[in-house]
Amino acid sequence: MNRLAKEKEPRPRKKTEPFHWLYMLLLVTAIQIISGGTVLTQIEEAQTEVLFVFGGFLAVEWLYFIFARNLANQRATELEIIAFLLSGFGLVTVASVYPHYALKQFVAILIGLAAFVILLALMRNVEVVNALHIPVAVGCVGLLALNLLLAKVHNGALNWINVGGFSIQPSEIVKIGFIFVGAASLEKLQSTRSLTTYLIFSLGCVGALFLMRDFGTALIFFCTFMVMAFMRSGDFKTIGLIGAGAVLGAGLIIYFKPYVAKRFKAYRHVWEYMNDSGFQQTRVLIYSASGGLFGLGVGNGRLRHVYAATTDLIFGVICEEWGMIVAFCVVLSFAFVAVYALRLARHARSTVYAIAAVASAALLLVQLSLNVFGVTDLLPLTGVTLPFISRGGTSMICSWALFAFIKSADIKTYPKLEIQMEEKA
Amino acid sequence: MDFNEIFDILVIVSRYLVAGLAVLVLGSCVVSLVTRRFGTRIGSYLYDPGSKKRLPLSHWENSVGRSKTCDVVLTLPDVSRFHAVISKRRSGWVVADTHSSAGVFVNGSVVTKPTPIAHGDTVSFGSASFTFVDADEDDKEQEEREKRRAFSRSAAKRAAAMKPEASFYPALIDEAGDKAYVITTESCLFGRDPGCDARLRYQAVSARHARVFSQGGAWYIEDAGSSNGTTVNAKPVSGRRRLRDGDVIGLGGVIFIFNEHYKVKKDSDGEGR
């Protein structure tokens with residue numbers, strides 16, 4: 001078997017890179033300079049501030065790649081290219097609607113990038129991940145409990161807390177912890193066969209989100225939990241049971257809580273409630289259609305004047321002002337990142353990485369679907385953000401952190417470990 | 001055309017440009033992500049000395065147990081469904097017992113916490129025992145073996161090239177030192193009978209007395225059912241006995257000296273008498 005495997009292995013080929021980071025970086029920079037330039041000509045206030053923010057963003061982007069390439073010897077940087085491309089689209093769109101918010105969004109990207117690098121360093125060693133499980137789990141539950149105690153009602157949900165002038169959304173940070181706690185090594189999974197402990201932790205998280213009335217995030221957590229439970233147990237029966245129980249529970253909640261039912265009333269009937277509960281969805285549909293393939297141009301759209309244009313409805317703004325092609329690029333990039341995560345999982349160094357990568361990709365896809373299909377009335381509008389693009393600091397940090405989980409599953413991220421492998425091959 | 005009109009044209013151009021570039025960037029990222037090859041080979045395995053089978057450990061983490069979902073499936077009654085996990089960590093290979101009923105043992109001692117295993121260690125899952133073969137060490141051993149083989153081949157060639165006049169064979173030399181019975185074959189039968197490889201015309205030597213043969217590069221002697229017996233350094237031989245240069249061999253009381261490197265002239269083939 002051993003020798004057979006050896007023969008199957010492809011002969012070492014000449015080292016040609018199908019993806020050249022510098023070339024890609026130049027293209028991304030070109031996109032950002034063109035789009036940023038257009039935004040600068042269009043906005044009427046805070047132009048110098050926005051100019052500095054765009055300049056700072058480009059500088060950070062280049063510094064990251066130069067450091068990653070030369071100091072950390074990173075050779076597979078596709079994920080970062082995608083992350084910077086999407087963050088850049090988000091930044092220019094947010095800046096074009098709310099020029100004063102550009103700086104905050106830029107700071108969020110910086111913190112997100114820092115989180116990305118720190119998580120990659122943490123994930124290097126399986127033992128470290130195993131050791132941090134319990135502290136992180138306790139921290140997550142504590143954060144949600146604190147949220148429930150301190151939160152003020154915001155858009156019908158209790159998921160915001162104020163810390164020193166910044167309003168943060170703890171549920172976004174808990175997403176990172178949720179995946180971190182769920183990612184365990186095979187040895188740990190096999191010694192604790194039952195899902196009970198993890199199930200209790202997950203139920204605690206989802207329950208807290210229900211109490212906060214943040215149904216969108218609760219749904220994201222639940223779907224991610226299903227993926228992780230399957231990855232952990234490899235057993236469809238367990239998952240089926242959990243799924244059936246959850247659907248039943250959700251049905252009962254909707255039945256008994258008229259509030260929830262009212263929120264979903266407009267679903268699939270948006271045109272009947274065009275000017276009240278279906279206002280946002282109908283406007284997204286109308287204005288996206290008018291954008292066409294190449295869009296109306298920055299600042300020419302009308303969706304920007306609708307409430308929550310840069311958060312929940314940002315996909316509509318991109319469709320209208322940048323066009324369908326750019327919007328499809330945004331959606332497809334997440335789909336292909338998910339395909340990449342699945343391929344990585346098969347060759348991961350440990351189930352820790354396989355679970356973290358697949359769960360992160362699933363979380364991003366679910367959140368993207370809830371957002372995109374929510375505003376286009378294919379799913380109920382639940383008010384979740386579009387990863388990397390929507391205005392919102394904690395959401396941006398969470399998106400970068402999830403990409404770190406995917407990248408950590410790639411052996412190329414840790415060149416020193418990779419050398420050991422190549423010597424053997 | 002005023003300034004504003006130029007701007008308007010630039011805005012229109014930028015829309016097409018941004019869309020095109022975005023497709024280009026995403027396209028190359030996707031091609032790179034989806035077509036990446038993962039050339040990983042772990043190559044270590046568990047060797048079962050009984051059936052001479054290899055159970056490959058083809059992942060970084062391998063589950064061992066009776067369950068069909070395990071990476072290494074052992075269908076034995078005392079192996080638990082999920083018995084153990086063998087994983088490759090930065091420090092090396094580690095085996096951990098995952099609450100099995102019959103236990104995991106490394107070289108006979110029970111495993112209570114994740115225990116490092118080295119090349120050649122015996123790893124047991126209940127009653128099933130295996131030798132752990134680390135791919136790195138296995139490859140190294142094979143390389144060394146090949147090197148040694150290549151070296152001995154070249155050494156033989158060099159020796160042949162340097163001394164074209166003579167070659168060396170082991171031989172039995174009689175007590176007086178004037179007769180040498182050279183052994184040119186792998187196995188040589190000594191005796192009085194004409195059918196023997198080396199004929200000894202002594203009364204005390206049986207018709208088929210003793211056999212000298214080589215095995216694994218060493219020379220041995222064994223008695224071929226003689227009536228008066230065979231001795232090496234005055235000790236009687238039962239079964240086979242290793243011969244060393246200068247050993248004194250007695251065949252029915254007749255004394256010979258074993259010379260492992262007897263010089264034979266090139267032109268004289270066969271036994272020089």
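Me: How many bridges join S5 and S6 of chain B, and which way do they run?
Reply: Six bridges join strand S5 (residues 84-89) to strand S6 (residues 92-97) of chain B, and they run antiparallel. Strands here are DSSP runs (E, at least two residues), numbered from the N terminus. Two strands pair if DSSP finds at least two bridges between them. This is a predicted model: local features need pLDDT of at least 70, side-chain atom pairs count only at pLDDT 80 or more, and totals for chains, interfaces and linings use all residues. Residues are numbered from 1 along each chain as its sequence is written, with chains lettered from A and ligands numbered from 1 in the order in which they are written.

Me: What do S5(B) and S6(B) form?
Reply: A hairpin, with two residues between the strands. B:Lys88 has B:Trp93 in S6(B) as its bridge partner.

Me: What is the strand order in the sheet?
Reply: S4-S3-S5-S6-S9 in chain B. The sheet is open and its pairing is mixed.

Me: Which strands stand at the edges?
Reply: S4 (72-73) and S9 (115-116) of chain B. Each has a single partner strand, so one side of each lacks a neighbour in the sheet.

Me: How does S4(B) run with S3?
Reply: Parallel, joined by two bridges to S3 (residues 61-65) of chain B. B:Gly65 pairs with B:Val73 there.

Me: And S6(B) with S9(B)? Which way do they run?
Reply: Antiparallel, again with two bridges. B:Val95 stands opposite B:Thr115.

How values were computed:
Helix = DSSP H or I, 4+ residues; strand = E, 2+ residues; numbered from the N terminus.
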